[in-house]
Amino acid sequence: MLPAKNRLRTSKDFALTTKTGVRATSLSLVVYLRTSPDLTSPQVGLIVNKSVGGSVTRHRVSRQLRHLISPHLSVMPKNSQLVIRVLRNQPEFKIELDELVSKVLSKNSVSA
């Protein structure tokens, strides 16, 4: 579970991050990162569509991703918002997520 201060909640924030943030893609995931000067801690949001599976499968994937993203919060910029979109289900997302997060962080540091 992510702490409340690290959860991305509003549809406006999701839309801004997915539309204006830097993006990295793979076969199963798309990761978006946006920085905002008015934030004090990194925020993370998940988008898991019905195409991934039924409710039980989507919630399992969400729990797995929240667990995997927690260690990355310490290296993310304090003023960042990260959205993870799941395109398809797979047994393990760790390697793919690690690569995509490092990719968007490097893209963001270049564009900033």
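These are my notes from looking through this structure, element by element.

**Entry 1: the model.** I am working with a predicted model. I began with the sheet, then took the helices and the cores.

Entry 2: Four strands form an open sheet in the order 1-2-4-3, and their pairing is mixed. Which strands stand at the edges? They are strand 1 (22–25) and strand 3 (43–48). Each has a single partner strand, so one side of each lacks a neighbour in the sheet. I also noted the twist, which averages 15 degrees from one strand to the next.

**Entry 3: strand 1 with strand 2.** I followed the chain from strand 1 into strand 2. A hairpin of three residues makes the link. The two strands run antiparallel, joined by four bridges.

**Entry 4: strand 2 with strand 4.** Next I turned to the other pairing of strand 2. Strand 2 (residues 29–35) and strand 4 (residues 80–86) run antiparallel, and seven bridges join them. I checked two residues of this pairing. Thr35 has Ser80 in strand 4 as its bridge partner. Arg34 stands opposite Gln81 in strand 4. Then I asked how many of the seven residues of strand 2 are buried. The count is six, and I wrote the strand down as mostly covered.

**Entry 5: helix 2 on its own.** I looked at the length of helix 2 (residues 55–69). Its 15 residues reach 21 Å from first C-alpha to last, close to the 21 Å expected at 1.5 Å a residue. I then listed its buried residues: Arg58, Val61, Ser62, Gln64, Leu65, Leu68 and Ile69. Why do they fall on the same side of helix 2? They cover an arc of only 165 degrees around the axis, and that puts them on the same side. On the other side of helix 2, I found Val56 and His67 exposed.

**Entry 6: the cores.** I looked up the largest nonpolar core, which has 24 residues. Those with the most contacts inside it are Val44, Ile69, Leu82, Ile84, Val86 and Leu97. Strand 1, strand 2, strand 3, helix 2, strand 4 and helix 3 (94–111) each supply at least two residues. Which element gives the largest share of this core? Helix 3 does, with five residues. Apart from this core lies another, of six residues, among them Leu8, Phe14, Ile47 and Val83.

**Entry 7: Val86.** Leaving aside neighbours within four places in sequence, Val86 is in contact with Ser28, Leu29, Ile47, Val48, Asn49, Val52, Val61, Leu65 and Phe93.

**Entry 8: Lys94.** Last, I checked a residue in helix 3, Lys94. Lys94 is partly exposed, with a relative accessible area of 41%. I also looked up its distance from Arg34. Lys94 and Arg34 are 60 residues apart in sequence and 22 Å apart in space, C-alpha to C-alpha.

Technical notes:
Residues are numbered from 1 along each chain as its sequence is written. This is a predicted model: local features need pLDDT of at least 70, side-chain atom pairs count only at pLDDT 80 or more; totals for chains, interfaces and linings use all residues. Side-chain values use heavy atoms; hydrogens and water are left out. The expected span of a helix is 1.5 Å times one less than its number of residues. Buried means under 20% relative accessible area, exposed over 50%, partly exposed in between (1.4 Å probe, protein chains only). The arc is that of the directions from the helix axis to the C-beta atoms. Two strands pair if DSSP finds at least two bridges between them. Axes are lines fitted to C-alpha atoms, for helices over the stretch in contact, and angles run from 0 to 180 degrees between N-to-C directions. A nonpolar core is a set of buried Ala, Val, Leu, Ile, Met, Phe, Trp, Tyr and Cys residues joined through side-chain atoms within 4.5 Å. Contact means heavy atoms within 4.5 Å.
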